[in-house]
Amino acid sequence: MEIVPGRGARVCSCQRQKASGSSFEKAKLPQRYNQCHFNNYTTADPSQVKALRLAIQFANEYPAIERGLLFTGTVGVGKTHLAVSILKGLYERGFSCLFYEFGALLKEIQDSYNSNTKTSELGVLAPVLNAEVLVLDELGASKPTDWVRDTMAHIINTRYNNKKATIFTTNYADERQNDREETLEDRIGVRLRSRLYEMCQTIEVKGPDYRRKFDARR
Ligand SMILES: Nc1ncnc2c1ncn2[C@@H]1O[C@H](COP(=O)(O)OP(=O)(O)OP(=O)(O)O)[C@@H](O)[C@H]1O
Ligand SMILES: [Mg+2]
């Protein structure tokens with residue numbers, strides 16, 4: 001609510017915007033994360049305390065920020081929860097944002113490919129390249145074929161060159177955990193990982209898998 005001097009209280013403009021849904025829907029936030037906010041992110045590990053602090057700081061201080069964010073960590077520690085919460089915070093401050101799960105984005109680009117002109121629809125790509133703040137969820141999850149790498153490189157390089165803020169989440173760590181596991185560099189290539197060092201602050205999130213709370217046997 002906001003106070004209008006001499007007249008009373010009314011629904012704040014940020015809530016009106018939310019209710020109308022237009023830009024909020026344009027951000028393409030997944031339904032599953034409707035209830036995600038900073039205030040219901042619980043912290044079981046010091047890395048989560050730090051991740052929450054940096055996420056809130058980003059949402060409050062954008063555009064006076066130096067770099068985007070790269071949340072890394074195992075499953076269910078709340079990386080996407082935090083990324084979505086940032087977009088909601090930014091949206092309430094009036095910034096236009098966009099959310100994409102990387103695999104879904106690659107599929108949309110692939111589906112829009114025109115075999116006659118050998119080009120993809122700019123309708124899919126342009127908003128991704130131009131969004132003020134973009135979340136790319138699950139970086140590295142798609143099988144790293146040449147096409148996937150080229151497309152990722154095009155998106156990331158364009159945003160890098162235009163100094164646009166991008167927030168990534170990934171399950172892949174920089175350090176090799178064991179012989180069987182791949183690193184983020186293995187998945188996205190050394191050149192892209194290098195750009196991300198400059199584009200993003202890496203935030204390692206550790207903690208229990210929150211989804212296990214829904215295990216009925218517990
Ligand atoms: N620390 C937390 N506090 C509150 N809810 C959480 C927390 N961590 C995760 N959740 C909830 O658990 C579910 C899974 O979280 P989320 O998708 O953000 O995890 P993730 O780290 O992105 O996992 P993945 O690596 O599998 O993508 C969501 O419903 C999210 O809101
Ligand atoms: Mg996730």
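This report walks through the sheet, core, ligand shell and some loop residues of a predicted model.

## Ground rules

Residues are numbered from 1 along each chain as its sequence is written, while chains are lettered from A and ligands numbered from 1 in the order in which they are written. Because this is a predicted model, local features need pLDDT of at least 70 and side-chain atom pairs count only at pLDDT 80 or more, whereas totals for chains, interfaces and linings use all residues.

## The sheet

Let's start with the sheet, an open one of five strands in the order β4-β7-β8-β3-β9, with parallel pairing. Its edges are β4 (97-101) and β9, each with a single partner strand, so one side of each has no neighbour in the sheet. From one strand to the next, the twist averages 15°. Strands here are DSSP runs of E with at least two residues, helices are runs of H or I with at least four residues, and both are numbered from the N terminus. Two strands pair if DSSP finds at least two bridges between them.

Strand β3 (residues 68-73) has parallel partners in β9 (residues 200-205), through six bridges, and in β8 (residues 165-170), through four bridges. On the β9 side, Gly 68 has Cys 200 as its bridge partner, and Leu 69 stands opposite Gln 201. In β8, the bridge partner of Leu 69 is Ile 167.

## Burial and the core

How many of the six residues of β3 are buried? Six of the six are, so the strand is mostly covered by the definition used here: a residue is buried if 20 or more other C-beta atoms lie within 10 Å of its own, exposed if 12 or fewer, and partly exposed in between, with C-beta atoms placed from the backbone. In a regular strand the side chains alternate between the two faces of the sheet. In β3, Gly 68, Leu 70 and Thr 72 point one way, and Leu 69, Phe 71 and Gly 73 the other way.

The largest nonpolar core holds 45 residues, and those touching the most other members are Phe 71, Ala 83, Ile 86, Leu 87, Val 133 and Val 135. Helix α4 (residues 79-92) gives the most to this core, with seven residues. A nonpolar core is a set of buried Ala, Val, Leu, Ile, Met, Phe, Trp, Tyr and Cys residues joined through C-beta atoms within 7 Å. Leaving aside residues up to four places away in sequence, Ile 86 touches Ala 55, Phe 58, Ala 59 and Ile 167; contact means C-beta atoms, placed from the backbone, within 7 Å.

## Around ligand 1

Ligand 1 is surrounded by 17 residues, of which Gly 78, Lys 79, Thr 80, His 81 and Tyr 210 are the closest. A residue is near a molecule if its C-beta atom, placed from the backbone, lies within 6 Å of it. Helix α4 gives the most to this shell too, with three residues.

## Loop residues worth a look

Tyr 62 and Pro 63 are joined by a cis peptide bond with omega of about 10°; Pro 63 is found in the loop between α3 and β3.

Two residues other than glycine have positive phi: Glu 138, near 65°, and Lys 163, near 55°. Glu 138 is in the loop between β7 (133-137) and α7 (146-161), and counts as partly exposed because it has 19 C-beta neighbours inside 10 Å. Lys 163 lies in the loop between α7 and β8, and its 8 C-beta neighbours inside 10 Å make it count as exposed.

Definitions and conventions
Contact = placed C-beta atoms within 7 Å. Axes fitted to C-alpha atoms, helices over the stretch in contact; angles between N-to-C directions.
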